[in-house]
Amino acid sequence: MAWFPLGTHGNITSLLMAVRLKDHPVPNWRTSDQALITAVGRSVQNALDRYTAVDLAQQQARRDALTGLLNRRAFDEDLAAQERLHVPFSVALMDLDGLKGVNDLEGHEQGDKLLRVFATTLSVELGEQARAYRLGGDEFMVLLLDLEEEGLQEAVDVAVLAGKQVAHLKGASLGLARSDEASGATLVALADQRMYEVKRRRQALRAEVLR
């Protein structure tokens, strides 16, 4: 029996094992046999290294660099995949209220910190029942698989509370749309429309309070 280490890829350490049959006429490993095993091992190792590099690049391409959440590309891919399953689901679009003010008054570094804290808390609170995405700027999307709207609102409220510990975050406006109402870009547009309706109502209420 001969072994050739193939290295560690992710959390898995691989070995190439060659076993000589019991009735093989040559009892010991010849130099040519060892050379062949080494050549095969290196070939497999290179293939695994290339596969790992490609897989890592694909994963990084689906991540938002600032927050670590999935990004718009990942959302588009996941939405299309979810629709192919023909299983009911919902999408929620949210916009942070007050991020521009934080950037203007406290600086973009503080605004970035706010985004990271909000995103991390939201992801933790959602758990495995939904996926969170940062579309860009202060816009976030959630793909709800098993989570009810009430549970989503609770997760957002906790994330907003965490954000308020970092900077002057006013809140988060949320718009929800179900897969039985529309599909694809139309579904996202419906969630976007409802989100802005919520934002306009909140802005009007704040203006009324300040009078």
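Leaving aside neighbours within four places in sequence, Leu122 is in contact (heavy atoms within 4.5 Å) with Met94, Ala132, Val142, Ala155, Val156 and Ala159. The structure is a predicted model, in which local features need pLDDT of at least 70, side-chain atom pairs count only at pLDDT 80 or more, and totals for chains, interfaces and linings use all residues. Residues are numbered from 1 along each chain as its sequence is written, and side-chain values use heavy atoms, with hydrogens and water left out.

The protein chain has 6 helices and 6 strands; these are DSSP runs numbered from the N terminus, helices (H or I) having at least four residues and strands (E) at least two. From the N terminus on, the order of elements is β-β-α-α-β-α-α-β-β-α-β-α. Of the 211 residues in the protein chain, 36% count as buried, that is, under 20% relative accessible area with a 1.4 Å probe, protein chains only. Among contacts between residues at least 6 apart in sequence, 61% join residues at least 24 apart.

Leu122 is also one of the residues that touch the most other members of the largest nonpolar core, which has 29 residues. A nonpolar core is a set of buried Ala, Val, Leu, Ile, Met, Phe, Trp, Tyr and Cys residues joined through side-chain atoms within 4.5 Å. Met94, Phe118, Leu126, Phe140, Val142 and Leu152 are likewise among the residues with the most such partners. Two or more residues of this core come from each of strand E3 (90-97), helix H3 (99-106), H4, E4, E5, helix H5 (149-164) and strand E6 (171-178). The largest share, 6 residues, is given by H4. A second, separate core of 17 residues includes Leu70, Val91, Leu135 and Ala191.

The count of aromatic pairs comes to 2. Rings of Phe, Tyr and Trp (its six-membered ring) pair if their centres lie within 6.5 Å; planes under 30 degrees apart count as stacked, over 60 as edge-to-face and the rest as tilted. The ring centres of Phe75 and Tyr133 are 5.2 Å apart and the planes stand at 75 degrees, so this pair is edge-to-face. Because Phe75 lies in helix H2 (residues 72-84) and Tyr133 in strand E4 (residues 130-136), the pair ties together parts 58 residues apart in sequence. Both Phe75 and Tyr133 are buried. For Phe118 and Phe140, the centres are 5.1 Å apart and the planes at 55 degrees, so the pair is tilted. Phe118 lies in helix H4 (residues 108-126) and Phe140 in strand E5 (residues 139-144), so parts 22 residues apart in sequence are tied together. Phe118 and Phe140 are both buried.

Conventions:
Buried means under 20% relative accessible area, exposed over 50%, partly exposed in between (1.4 Å probe, protein chains only).
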